[in-house]
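The following note sets out points for a colleague who is examining the model. Please read it with the coordinates open.

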Amino acid sequence: MHVTLRQLTVLEAVARNLSYTKAADELHLTQPAVSMQIKQIEESVGIPLFEQIGKKIFLTQAGKEMYNYARSIQQLISEAETVIEDIKGIKHGTLTIAVASTANYFAPQILAAFKERYGGINFSLDVTNREGLLQHLENNDTDMVIMGQPPRHMDLESEFFMENPLVAIAPPDHPMVGRRNIPMDDFLQHTFIVREQGSGTRTAIERFFSDRGKEMTTSMSMSSNEAIKQAVQAGLGLGVVSIHTLDMELELKRLAVLEVESFPILRNWYIVHRKGKRLSPAAISLKKFITHNAKNIIH
Ligand code: PGA
């Protein structure tokens with residue numbers, strides 16, 4: 001019998017879900033690709049593993065046996081991974097990470113998910129604005145940094161892992177709430193509460209308007225997203241903040257997102273460190289973990 005690990009993974013997913021479509025979704029494959037893999041295993045095994053009755057599929061006796069073996073094999077592979085990770089030292093030590101204040105709205109969730117898998121690793125986390133992050137990179141005193149657009153003037157390695165849309169916010173009873181495609185000039189007639197000098201969000205907003213030959217009138221600057229949200233809620237002005245900072249306020253309808261022309265402002269998140277830096281095995285696995293899983297962990 002010649003069966004590949006890939007085929008066993010597909011078999012396990014189809015058997016567990018009793019659905020080609022669900023298995024395809026889970027494995028990020030097309031449904032015909034899944035059917036093809038199953039057909040190939042059945043050819044190799046020499047006997048049907050599934051039978052279709054009406055719209056439903058069922059496991060045959062041979063299918064049930066193969067499903068059990070597929071699960072045992074997957075289990076053994078994951079055990080082997082754990083043993084090897086221990087040997088490599090991935091599961092121990094402390095990782096020092098610096099994240100943008102805005103990234104701190106999701107960073108703990110990612111680190112918690114990572115820790116669930118690599119229990120022995122501890123974190124030391126510095127939350128600071130973009131300027132603080134540039135200083136960390138300059139000093140090379142962290143394992144990695146999570147930030148917006150990496151600066152061009154430094155020799156860095158950076159990896160994109162998630163989008164960071166910046167949206168316009170107003171109190172829910174503001175007259176522009178619910179209006180479609182608000183002209184930028186109407187929006188800019190209001191005054192704004194902005195982040196402090198040195199914030200990446202602030203720089204991105206200023207650049208967005210200056211690229212369009214426009215300028216915003218700012219009434220106040222504040223050194224945290226929380227302070228901005230409170231001030232906007234209190235009616236002190238409008239704001240532009242990362243969507244990642246807004247989960248609760250939108251759910252509780254304490255703030256509303258305005259549909260301004262050309263919005264949201266598109267920004268991205270990157271994992272960044274100095275070029276040529278020798279990352280520890282734990283740091284390498286955190287970097288991989290973030291690039292592969294962040295989007296699924298953060299909603
Ligand atoms: P900030 O950084 O928290 O300094 O605004 C976020 C970013 O760079 O997009």
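1. V99 has V127 of strand 4 as its bridge partner. Strand 3 (residues 93-100) and strand 4 (residues 121-128) run parallel and are joined by eight bridges; strands count as paired if DSSP finds at least two bridges between them. Helices (H or I, at least four residues) and strands (E, at least two) are DSSP runs, numbered from the N terminus.

2. The model is predicted: local features need pLDDT of at least 70, side-chain atom pairs count only at pLDDT 80 or more, and totals for chains, interfaces and linings use all residues. Residues are numbered from 1 along each chain as its sequence is written, and side-chain values use heavy atoms, with hydrogens and water left out.

3. Between strand 3 and strand 4 the chain passes through helix 5 (residues 107-117), and this β-α-β crossover is right-handed. The term means that, with the strands pointing away from the viewer, the path from the first strand over the helix to the second runs clockwise.

4. Helix 1 (residues 5-17) and helix 2 (residues 20-27) have axes that come within 8 Å and cross at roughly 130°. Helix 1 is therefore oblique to helix 2. Axes are lines fitted to C-alpha atoms, for helices over the stretch in contact, and angles run from 0 to 180 degrees between N-to-C directions. Angles under 35 degrees count as roughly parallel, over 145 as roughly antiparallel, 65 to 115 as roughly perpendicular and the rest as oblique.

5. The crossing of helix 1 with helix 2 is right-handed; a crossing is left-handed if the near helix is turned anticlockwise from the far one by less than a right angle, and right-handed if clockwise. R6, T9, V10, A13, V14, R16 and N17 of helix 1 make the contact (heavy atoms within 4.5 Å) with Y20, K22, A23, E26 and L27 of helix 2. Six nonpolar, two polar and four charged residues form this contact. Here Ala, Val, Leu, Ile, Met, Phe, Trp, Tyr, Cys and Pro count as nonpolar, Asp, Glu, Lys and Arg as charged, and the others, Gly among them, as polar.

6. In the loop between helix 1 and helix 2 lies L18. Phi of L18 is near 45°, a positive value in a residue other than glycine. Most residues other than glycine have a negative phi, and most peptide bonds are trans.

7. The axes of helix 1 and helix 3 (residues 31-45) come within 9 Å, crossing at roughly 110°. These two helices are therefore roughly perpendicular to each other, and helix 1 passes helix 3 in a left-handed crossing. From helix 1, R6, Q7, V10, L11 and V14 meet V34, Q37, I38, Q40 and I41 of helix 3. The contact comprises six nonpolar, three polar and one charged residues.

8. Helix 1 and helix 4 (residues 61-88) have axes that come within 9 Å and cross at roughly 120°, which makes helix 1 oblique to helix 4. Helix 1 passes helix 4 in a left-handed crossing. L5, L8, T9, L11, E12, A15 and R16 of helix 1 meet M66, Y67, A70, R71, I73, Q74 and I77 of helix 4. By class, this contact has nine nonpolar, two polar and three charged residues.

9. The peptide bond from F263 to P264 is cis, with omega near 0°. P264 lies in the loop between strand 10 (256-258) and strand 11 (265-274).
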